[in-house]
Amino acid sequence: MKTDKLNVIEATFVVVIVTLTHIILNLPNSILKQSGSSAIINVIYISFLAFAFFLILNKLFSPFPGKDIVDVSEYVGGKVLKNITTIIYSVYLIFVAGVLILNFSELLKLIYFHNAKTFLIVGIFLLTAVIVNKIGFKNVIKANTLITLVVLVTVVLIFLASLGHVDIERIFPIMGYGVGNTFVTGALNIFAFGGLVFLYLVRPGLKDHNNYKKIGISAIILSSIYLLLSVASLLFLFPFLATGTETLSVYMSTRTIEFGKFFERSDAMFILVWIFTFLSYLSVMISYITKINKKTWKAKHSSPIIYIVALLILIVSLIPTNSTQIRFIEDYIYKYSALFIIFIYSFAIVLIGYLKKTNYKMKRLKLKRRIVKVSNEQ
Amino acid sequence: MQKLIMGFFKNVFKSLFEDEVDNDNDFVLPDKTEDTSNKLMPEDLLKNKNVYPSLDVNLEYMNARFNSLINSDIKIREFLIHVRNKQYKAFIVYIDGMSDNDSINDFILKPLMMRNNANTYDGDEIISQAITNNISVRKVKKFNINDYIFDCLLPQNDIEKVNSFDTISDGIVSGNCALFVDTLDYAFDISTKKYETRSISEPKNEPIIRGSQEAFVENLRTNTSMLRRNLANENLVIENLTIGKVDKNKCAVCYLKNVANSDLVAEVKYRLNNLDVDYCSSVGELEQFIKDDITTTLPEAVSTERVDRATSYLLQGRVVIVYNGCPYVLVVPITIFDFLKSQEDININHVAANLLKIIRAISVVLTLLLPGFYIAITTYHSELLPTDLLFSIVASRSSVPFMIIVEILIMEVSFEIIREAGLRVPSNLGSTVGIVGTLILGQAAVEANIVSPILVIIVAITGITSFSVLDFSFSFHLRIARFVYTILGATAGFLGIAVGLFIHLIILCSLKSFGVPYLTPYAPLNVKSKSKYLLKPAWKREFRDEWLATKRPRAQGGISLKWRKK
């Protein structure tokens with residue numbers, strides 16, 4: 001039984017885990033801040049945008065079966081562009097992973113480990129990610145699939161459990177801060193689909209390249225549903241004006257859940273599941289950063305790259321000194337860098353690659369026709 | 001008198017001032033001995049030889065090879081064979097206690113030594129005869145002593161002509177009798193095995209209520225015959241292999257030829273044939289020799305003493321390894337979920353079986369995590385508990401002088417000691433050890449404020465749940481991991497446990513049993529898989545496990561209950 005390549009579910013969950021980690025942190029809150037009570041409409045809107053984007057991307061990728069963004073970069077701009085893409089992707093992924101893990105570690109420190117240093121908690125996460133990456137890439141993906149399933153269940157559970165406190169009237173005014181904020185500037189909320197970055201990377205590892213479309217569509221649908229559920233549970237639970245001040249909104253919603261008298265506060269159980277999510281997310285991130293770097297720099301072994309990547313993530317996580325800085329990085333730097341990398345830079349490369357390929361094909365076709373014509377004349 | 005008095009004082013003086021030395025023999029093993037495994041030894045010169053035509057040389061060789069001068073149970077009997085009124089020198093070699101004396105006497109020595117019509121007739125053997133015009137034409141067979149002995153004088157069903165001394169030697173040590181005849185450059189390897197074995201009994205460690213009550217025994221052939229009896233199909237192949245260079249023990253690879261994957265069978269045989277070991281004591285040791293990941297504490301083969309369980313595994317398309325001298329057989333390949341299966345499951349309704357399976361899964365989780373969770377919740381996540389319960393835990397712990405981790409480790413280690421002592425003492429005392437250990441010591445420890453009562457409950461629940469894990473080796477893994485989770489829970493609460501579980505999960509994902517991922521069909525996730533953890537109704541188990549890649553994927557017809565369709 002060959003199990004080295006990813007099947008549809010495994011690849012889909014690689015994309016979904018990114019959205020889930022962002023949902024656990026403050027993604028729904030950011031959307032609420034941007035759109036107010038029209039957040040649900042905004043999520044549906046950006047989901048359609050993401051869907052349309054992926055369909056175009058799938059079309060553009062079609063002349064490159066089994067190739068990822070690094071390979072396409074090489075095709076478009078030779079080794080130079082390949083190296084630049086690898087560096088950009090590595091920096092982006094390391095930066096995102098570092099900030100996210102720091103944010104979650106701050107949460108853990110705030111709730112349970114008041115006396116612990118944040119970098120120690122980050123260190124535990126990174127050490128675990130390094131160990132599991134040493135065990136093997138495919139095992140990380142397999143475990144990620146199981147963990148994502150559990151997390152998906154818990155998000156539904158949070159939504160269902162908080163139904164008792166829901167106030168439907170909070171959806172009004174239906175257009176929140178206005179049509180412009182919902183549909184024009186609100187379109188920028190598409191950064192919530194940050195997991196799409198893996199759609200540029202998973203292609204060489206797929207069992208069947210024809211499943212790429214299936215993977216993309218299922219990942220976007222799943223991400224949309226869960227984004228919708230988390231935004232809805234937040235919007236209906238708290239006044240949206242109040243949610244803007246909360247640090248970790250989903251955590252706050254778990255604190256309202258009551259499971260009978262025995263478990264007076266069940267939020268610790270959710271924290272346990274979320275720790276898994278972050279461990280899995282971090283491991284997947286390190287795996288893919290290692291994978292593209294190993295390919296680009298033609299490294300013989302993965303281990304040195306894993307160590308370096310983990311160290312760089314630790315360094316990035318040490319940069320912000322307070323929670324305001326973390327919030328700023330999440331709300332602005334991460335948002336715009338995600339938009340740039342996923343929707344502008346990578347898209348442009350694939351588009352150029354597509355044009356180049358089709359142009360080349362056309363030229364070859366023309367040349368063939370001319371040869372046939374000349375030979376017929378002779 | 002004076003001598004007596006002097007002798008008395010001399011002895012008193014001696015005993016007072018001289019060191020008493022009782023033992024003059026001061027034998028000690030040398031620190032280092034020469035490693036002879038790679039050197040050519042005298043016994044090695046005896047290997048790879050063939051039988052000589054001279055009987056005396058053969059006799060000398062066998063005496064040297066079997067050390068018959070010092071070996072009391074090696075029997076070499078010299079005698080004369082009567083063939084066609086002629087006498088030939090011969091001898092037999094066998095091991096007393098391994099061979100059947102009556103069989104040797106009645107069916108080897110008697111026909112060869114006694115004078116009777118068969119061996120005193122000295123005419124030609126007539127194959128055909130025709131008489132034409134009073135002229136008789138006879139076709140006769142030329143006399144040949146070896147054919148004659150083989151065809152006429154040895155009334156045995158299992159007999160072989162063997163040329164190599166190594167093969168002859170293997171036969172003798174497994175209970176055969178070797179017959180050497182002068183002038184023949186080969187010997188007769190005659191099957192005369194008969195040795196005392198334990199009779200078939202009930203399974204002691206895998207009892208079930210409804211189902212067969214037969215367990216394997218130590219004898220290889222008895223075990224294979226039980227498999228044959230339970231699985232009436234000519235496609236059942238039982239291939240014999242030898243394991244070990246010094247102790248050449250027999251092992252049998254059993255599989256259904258028309259079901260089991262050929263690559264799997266080849267891989268099992270390849271691994272067994274490529275063991276460079278002097279000996280292998282049991283299937284437990286053999287499993288460690290052939291498992292995919294040699295560093296893990298998790299077993300990668302199911303060992304069972306139940307014949308019906310082994311048979312059902314064979315029918316599924318797996319390979320069963322029977323090892324001589326061990327009442328357990330190995331089954332490969334397996335997944336982790338096989339350790340949570342009982343043979344009882346298929347004998348009862350699938351709903352009841354699934355309930356039991358879920359209970360077993362919960363037991364595994366509790367065995368693994370309960371002490372860790374207890375320590376994590378009471379130390380870091382106390383908000384999970386109701387306030388009243390939290391107060392009672394704190395109150396019960398207030399008089400205990402140890403840290404909670406020390407307290408829990410004391411109890412866990414004590415429990416393991418009691419369990420180990422209960423297992424190792426004679427069975428009559430086992431229950432006494434258990435009662436003394438759990439009831440009296442536990443009660444006394446609580447009263448002496450060494451441990452808190454709630455902890456006794458936690459450890460007791462953990463202990464009881466661990467007994468519902470069916471596999472002995474798997475249970476060991478859980479016991480080891482439990483200590484790790486306890487320490488992780490004490491170190492960082494849920495964070496520590498989550499880290500441990502995550503690494504554990506990744507390790508499980510990385511394991512394989514003969515090429516089959518350990519967590520199949522959940523990792524890699526196969527939604528379409530028909531072999532999930534929970535059982536389907538008996539009439540709906542249409543397919544064999546797809547991960548076994550069997551030659552017959554279907555185990556039942558599309559409509560298995562044809563009688564319902566008129």
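**Where the chains touch**

Mentor: Keep in mind that this is a predicted model. Start with the two chains: 28 residues of chain B are in contact with 30 residues of chain A.

Trainee: Which elements give two or more residues to the side of chain B that touches chain A?

Mentor: Two of them do: α17 (472-510) and β14 (516-517) of chain B.

Trainee: And which one gives the largest share?

Mentor: That is α17(B), with 13 residues.

Trainee: What about residue classes on that side of chain B?

Mentor: Count 23 nonpolar residues, four polar and one charged.

Trainee: Let's zoom out. How many helices and strands does chain B have?

Mentor: Chain B has 17 helices and 14 strands.

Trainee: Is chain B spread out or compact?

Mentor: Spread out, more so than a compact globule. The globule rule gives 24 Å for 566 residues, but the radius of gyration of chain B is 34 Å, well over that, so we call it more spread out. Along the principal axes, the C-alpha atoms of chain B fill a box of roughly 120 × 120 × 40 Å.

Trainee: What share of chain B is buried?

Mentor: Buried residues are 32% of the 566.

Trainee: New topic. How do α14(B) and α16(B) cross?

Mentor: Helix α14 covers residues 404-424 of chain B, and helix α16 covers residues 453-467 of chain B. Their axes come within 10 Å and cross at roughly 40°. That makes α14(B) oblique to α16(B). The crossing is right-handed.

Trainee: Which residues make the contact?

Mentor: From α14(B), Glu407(B), Ile408(B), Met411(B), Glu412(B) and Phe415(B). From α16(B), Leu455(B), Val459(B) and Gly463(B). By class, the contact has five nonpolar, one polar and two charged residues.

Trainee: Over to chain A. Where does Tyr332(A) lie?

Mentor: In helix α13 of chain A, which runs over residues 323-377.

Trainee: Buried or exposed, that Tyr332(A)?

Mentor: Exposed. The cut-off for exposed is 12 or fewer neighbours. Tyr332(A) has 10 C-beta neighbours inside 10 Å, so it counts as exposed.

Trainee: How far apart are Tyr332(A) and Leu57(A)?

Mentor: In sequence, 275 residues. In space, Tyr332(A) and Leu57(A) are 25 Å apart, C-alpha to C-alpha.

Conventions
Residues are numbered from 1 along each chain as its sequence is written. Chains are lettered from A and ligands numbered from 1 in the order in which they are written. This is a predicted model: local features need pLDDT of at least 70, side-chain atom pairs count only at pLDDT 80 or more; totals for chains, interfaces and linings use all residues. Helices (H or I, at least four residues) and strands (E, at least two) are DSSP runs, numbered from the N terminus. The radius of gyration is taken over C-alpha atoms; the globule rule is 2.2 Å times the number of residues to the power 0.38. A residue is buried if 20 or more other C-beta atoms lie within 10 Å of its own, exposed if 12 or fewer, and partly exposed in between; C-beta atoms are placed from the backbone. Axes are lines fitted to C-alpha atoms, for helices over the stretch in contact, and angles run from 0 to 180 degrees between N-to-C directions. Angles under 35 degrees count as roughly parallel, over 145 as roughly antiparallel, 65 to 115 as roughly perpendicular and the rest as oblique. A crossing is left-handed if the near helix is turned anticlockwise from the far one by less than a right angle, and right-handed if clockwise. Two residues are in contact if their C-beta atoms, placed from the backbone, lie within 7 Å. Ala, Val, Leu, Ile, Met, Phe, Trp, Tyr, Cys and Pro count as nonpolar, Asp, Glu, Lys and Arg as charged, and the others, Gly among them, as polar.
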